[in-house]
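Please open the structure in a viewer and keep the selection panel at hand.

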Amino acid sequence: MSNRNQIRFDTTESDFPAFAATILKEKLEALQLLGRRINIAVSGGSTPLPVYHLLKDFDLQWELFSFFMVDERFVSAMSDQCNYFNINNILFQHIPSESYAMIKGDESIETAVENYELLIDQKVPKEHGTFPVFDFILLGMGDDGHVASLFPNTEALEEQSRFVTANFVPSLDSHRITLTYPVIQNASEAMVLIKGKRKIEILDEIYNSETMYPMHKLVKSNMRLTWIIGKGE
Ligand code: 6PG
């Protein structure tokens, strides 16, 4: 990885949760030294869940942290497909941090998007410019190179002015809500958790070829990115 802002740490799949949790803990410890409210956006999917499970037991100043969602599936707030529902069960309900779900109840997807955009506008400071600056964003990557709910060939990839947008993903027949590229790129720092052969192949393509995946845009934006990689044994 020749970009000095972007580094990778490799481990085995079995060591992955403990390894990732330890690095994440170090990041959060460094952030809490700021001594102010720290705004973090986290991803769902399956990869980070065992990491969150370990994280909840760490002795951090949790009351300094506010957790937002990177993206959400537009499903019932009580569904096991709901990212907030899963992360809440594993992490949020065990720590005294503030956390904010993208879906509250039976509102329309447009209302959920508008409400979350307003929430971010009110809670997350903007340093020089129009977009909020998250202190840290935790990302995953899909087998098709998607990041957040920015999937290949979908409309949300083009969004340049909003903080949050709805996105329909035809390949999954799924409606999503996602932070947009300008918001993710504007974060002070991000970490990407990936495991498995296919994702590692995509990672290699992203850094060594011109094949375009949604994750490419973040890599090319030169943002501070740490990859944590779990390799099959
Ligand atoms: C989601 C996510 C998404 C995720 C990737 C990887 O709602 O699915 O937030 O962006 O990070 O899809 O998911 P896995 O970890 O399940 O492979």
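Two residues are said to be in contact when heavy atoms of theirs lie within 4.5 Å. The model shown is a predicted one.

**The sheet**

Begin by selecting the strands of the open sheet. Seven strands take part, in the order β1-β10-β9-β6-β2-β3-β5, and their pairing is parallel. Strands pair through backbone hydrogen bonds, either parallel or antiparallel. At the edges stand β1 (6-12) and β5, each of which pairs on one side only.

Next, select β2 and β3. These two strands run parallel and are joined by five bridges. Within this pair, I40 stands opposite F67 in β3.

**Helix α4**

How far apart are the end C-alpha atoms of α4? They are 21 Å apart, which agrees with the 21 Å that 15 residues should span at 1.5 Å a residue.

Colour the buried residues of α4: I109, A112, V113, Y116, E117, L119 and I120. These cover an arc of only 160 degrees around the axis, so they are on the same side of α4. An α-helix has 3.6 residues a turn, so residues three or four places apart point the same way. On the other side of α4, E110 and Q122 are exposed. Among the elements that cover the buried residues of α4 are β3, β7 (164-169) and β8.

**Residue T178 in β8**

Strand β8 covers residues 174-179; select T178 within this strand. Is T178 buried or exposed? T178 has a relative accessible area of 0%; because buried means under 20%, this residue counts as buried. Its side chain reaches the backbone nitrogen of S149 at 3.1 Å. Leaving aside neighbours within four places in sequence, the contacts of T178 include V70, D71, M102, A148, S149 and L150. A156, F163, V164 and T165 are also in contact with T178.

**Helix α3**

Finally, select residues 83-90, helix α3. Which residues of α3 are buried? They are N83, Y84, N86 and I87. Seen down the axis of α3, these buried residues fall within an arc of 165 degrees, so they line one face of the helix. To see what they pack against, display β2 (38-42), α2 (49-55), β3 (65-69), β4 (71-73) and β5 (98-99).

Notes:
Residues are numbered from 1 along each chain as its sequence is written. This is a predicted model: local features need pLDDT of at least 70, side-chain atom pairs count only at pLDDT 80 or more; totals for chains, interfaces and linings use all residues. Side-chain values use heavy atoms; hydrogens and water are left out. Buried means under 20% relative accessible area, exposed over 50%, partly exposed in between (1.4 Å probe, protein chains only). Helices (H or I, at least four residues) and strands (E, at least two) are DSSP runs, numbered from the N terminus. The arc is that of the directions from the helix axis to the C-beta atoms. Two strands pair if DSSP finds at least two bridges between them. A polar contact is a pair of N or O atoms within 3.5 Å; within protein, one must be able to donate a hydrogen and the other to accept it, and residues adjacent in sequence count only if both atoms are side-chain atoms. The expected span of a helix is 1.5 Å times one less than its number of residues.
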